Amino acid sequence: MNAIILTAAWGVLMMLCGAFIKSKSAPKYLAIAGLLLVLISNCLELGTGASFFSIDVKDMIRVNSFNLTFINIALGCTLLYFLLNGRDIEKVGEHVSEYFALLFFVLCGVALISTFNTLLMLFIGIEIVSIPLYVLTGSDKRNLKSNEAALKYFLMGSFSTGIMLLGIAFLYGGSETGSFYISNIISGNDPMPPMIAVGLVLLLISMSFKVSAAPFHFWTPDVYDGAPTVFTSFMATIVKAAAFFAFVRLFENAFGSMHAQWQKLIVILIAATLLIGNLTAVFQQSVKRMLAYSSIAQAGFMLFSLFALNGMAKEGLVLYTAAYSLASIGIFAILVKMNDYTIDGFNGLAKQQPVLALTATIFLLSLTGIPLTAGFQSKFYMLLAAVENGQHIWLVILAVLCAAISAYYYFRVIQAMYFKDSTSSAESVNSSDISLSFKLLLVITAVLIIVLGMFPNFITDWLYF
Amino acid sequence: MDPKNIWITFPELLTWFPLIAGVVAFIIREEKKVKSWALIASLITLGISVASLVYSDNTKYFYLNNVSYFWLKYVGSNLTLGLDGMGHMLTALTAVAFPIIFIATSKTSFKNANAYYGLMLLTQAGLMGVFTAMDVLIFYFFWELAVIPAYFLCSRWGGERRIQATFKFFVYTFAGSLLMLIGIMYVYTHTYPTPYAEHSFAMNAFYSATLSVKEQNWVFWLFFVAFAIKMPVFPFHTWQPDTYEQAPTSTTMVLSGIMVKMGIFAVIRWLVPVFPQAAVRFDNIVIGLSVVGMIYASLIAIKQDDLKRFVAYSSIAHIGLMCAAIFTQSSIGLQGVMIQMFSHGINIIGMWIVVDLVEKQTGTRKISELGGIAHKAPVLTIFLVVIALANIALPLTNAFVGEFMMFSGLFKFNIIYTAVALLSIILAAVYTLNMVQKVFYGEANAVTNTIQEISLNQKLVLGVLVVFIFLFGVFPQPLLDLTKDTVMTILTRFK
């Protein structure tokens, strides 16, 4: 509860601060302070179970250690994101405080979609997440690509929201008790009524759109590429992770008892997402676009939690969101500083900026899933969950083959940084842009990734607190 | 000795010391200092290894050789390290090889020497971890950990086509190990529960996993492909010649001397005992592939003009025999594999040292351009001839003992395979003697005229290798005694 209310309140505060404070760097510090406040209050709620606010929500929101841990991860990653990218957010445009306000509203939505207990809350949460994102995507107003991306995102996003509403309507009509509560939609173990089936498929489609699972992924590369890179980083990590969390929460609680009937659909989604994401990423020359496709590919792995839907899978999903967000925020933070977004732009980075190159290597190794990094542990938990499920072992084999393909495009960047020499005499990054604290934060992120890779129980133990 | 008083064990020392030494090496900026540090560190590791051999008797000193800590308690994986006979032998080989490699290549200068030696020591740590892991997840960790530094070593300090060649190597092994990972997970879901978790990754749990014959049959291949790529066995060998050729020679020594043993080791430790029925069922296929690979690689070796590719192919031929011998399910064959794992490591490192010396002095590796080195460098030639004879497995050399035992095992298994495989010995004589003749005898030409006799350092390391060759050629018993327990374990699993 703390997180939902405090983020919303702080968002409003940030907006007002834009009207009264003229200093350009003040919003950043205010935002970091606010986020710390939210994070601490959420940690308190996780630790003691006490919330600052006692509101009767009629059970429309349900808080437990599982989703509180996830919110903690989302908030922690956002804090890291603010610290790493604060200066770059200031550079996007004039309305700095509004960007931060919008980001806080997104966080409010993130908290909602990880705690919802009725379909209405899910819908409201998804909208609260999406609308600020449409604005942020187009925030680079004078850039044609940014405008195009925002429009595309808005049109596709509202379309998928429409589908979701339609699905919700079907479920409402189809459920015996006529209820929006997700646990009441299906009663008993009878065969699925047709209305429910239609609603389920519609919800599946719209959620797949939100997590950019193939074949509903077409907006992703354009939007991620067009949006200002700092906001791409936020969209591709925290927002995507939250959408996944909501996806799994919805399908587990609402349709968990009919898992066997819709598992086949998930199988198709996983296979398509893995293949399309990985194979397309191989051909990208721009690192930003490559990361967009890689985020699709990673979504394929996260979908395994829906495929397996057991305890291991849920642990794995939380771990995966943490590992993936950390590594992606890190690599995007470095990408923002690059002068040239193509892979060749990374040539010889190891000589100019050894710290950046080393940390980027750790982030990429983690995304590939090399042991001793958090990325390995999360993939490992996911695949283990899928194998424990016992069916469709071929899918797991496909997944690891795709992971091998992913090594190809991630390692191209590593090769460029370490084994190739810079062709132009200009620097790959403006060294004046790289402060000591930025480097320190990157190193901290990298260390976090390795610590999580060795001791994933730091996160998974909290789930059962 | 009271087990309570032991606060650190040999497997821990062997694994963590190179790891820490490797990290330290990154900090030392000066090339000379980092070279000495790497040498000292590897000698200390060798000392630890020798000490562990003194206490190798697991019936008396079990607590010195085995250790286990909680790690992923609720998943069922613990940090379990242990040394059995085979582990002792291979950690000893690793410990011996690194100082030899460092001394032999001490003249070579590397850009960013600190990174180079740091990565070398990290590779050593990974290898030690693979040989001591008694928990399959830990094994997987180290299995990858050994490859990553090797990848960076080859791509950064290698030859012209290094990036493509080593990338091929990396993708091959990565894909292989991921397949193995699925296999691991599948077996894991069929293991018994531990007090904290439903299943377990411990070695004993894997050995007693309840897999039906049908399941064994396909999971076997997931593991086998990973190990076959590493060894490499025909037809998974195509990465090897390219990588050996392009890698810096000191890294090639690690790759071919020790890293390929990871594959053989893994088959003996993790494949055959976990899937004994599948191993018996598919013995003909595996042995067939190995024998085909032996002949194929030998024939190609004859045609090679590049010394590095030549050694690479001859190595494939030798590895093929080892792989075949494991699946003969005979005690003599397995004992032969044990001896040959050690001997092959020694011989091929010697071979690479000679190749490196020739290349460094003449600037070429082309057999056709070389000739007459014997006149200029007689000592080098003597060493080379001894090593070459060991490569052909002549009596009195260490390789003879191992190959003889392996062929005996193979003979018991099937006479046709033996007959075909024996051809590879003749072919080995053809290509090895042909190489010796062309490179070292005959008239010296413009390229080889400037060649000089090797230095004392190099004489020393080659001398040590030759001592090993003859020592285990006439007195292989210590190796047999050491690895007896492992051989017994495998044989009981076959029954």
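On a 1 Å grid over the protein atoms alone, a cavity is a set of points where a 1.4 Å probe fits but cannot get out, and lining residues are those with an atom within 4 Å of a point. A pocket, by contrast, is an open set with protein on both sides within 12 Å along at least five of seven lines. Grid points are joined across faces, edges and corners, and a volume is the space filled by probe spheres set on the points. The model is predicted: local features need pLDDT of at least 70, side-chain atom pairs count only at pLDDT 80 or more, and totals for chains, interfaces and linings use all residues. Residues are numbered from 1 along each chain as its sequence is written, chains are lettered from A and ligands numbered from 1 in the order in which they are written, and side-chain values use heavy atoms, with hydrogens and water left out.

By this rule, 10 cavities of 30 Å³ or more were counted. The largest cavity holds about 160 Å³ of space. Its lining consists of 15 residues, and Val129(A), Tyr153(A), Lys210(A), Val239(A) and Ala243(A) lie nearest the centre. Helices (H or I, at least four residues) and strands (E, at least two) are DSSP runs, numbered from the N terminus. At least two lining residues each come from helix 5 (119-137), helix 7 (194-210), helix 8 (219-226) and helix 9 (229-255) of chain A; helix 9 of chain A gives the largest share, five residues. Ala, Val, Leu, Ile, Met, Phe, Trp, Tyr, Cys and Pro count as nonpolar, Asp, Glu, Lys and Arg as charged, and the others, Gly among them, as polar. In these classes, the lining of the largest cavity has 12 nonpolar, one polar and two charged residues.

The second largest cavity contains about 90 Å³ of space. Of its 13 lining residues, His318(B), Glu403(B), Ser424(B), Ile425(B) and Ala428(B) lie nearest the centre. Helix 13 (283-303), helix 14 (307-326), helix 17 (378-392) and helix 19 (415-440) of chain B give two or more residues each to this lining, with the largest share, four residues, from helix 19 of chain B. Eight of the residues in the lining of the second largest cavity are nonpolar, four polar and one charged.

The second largest pocket has about 720 Å³ of space. It is lined by 39 residues, and Phe62(B), Asn66(B), Thr80(B), Leu81(B) and Met134(B) lie nearest its centre. Strand 1 of chain B provides the largest share of this lining, five residues. The lining comprises 21 nonpolar, 12 polar and six charged residues.
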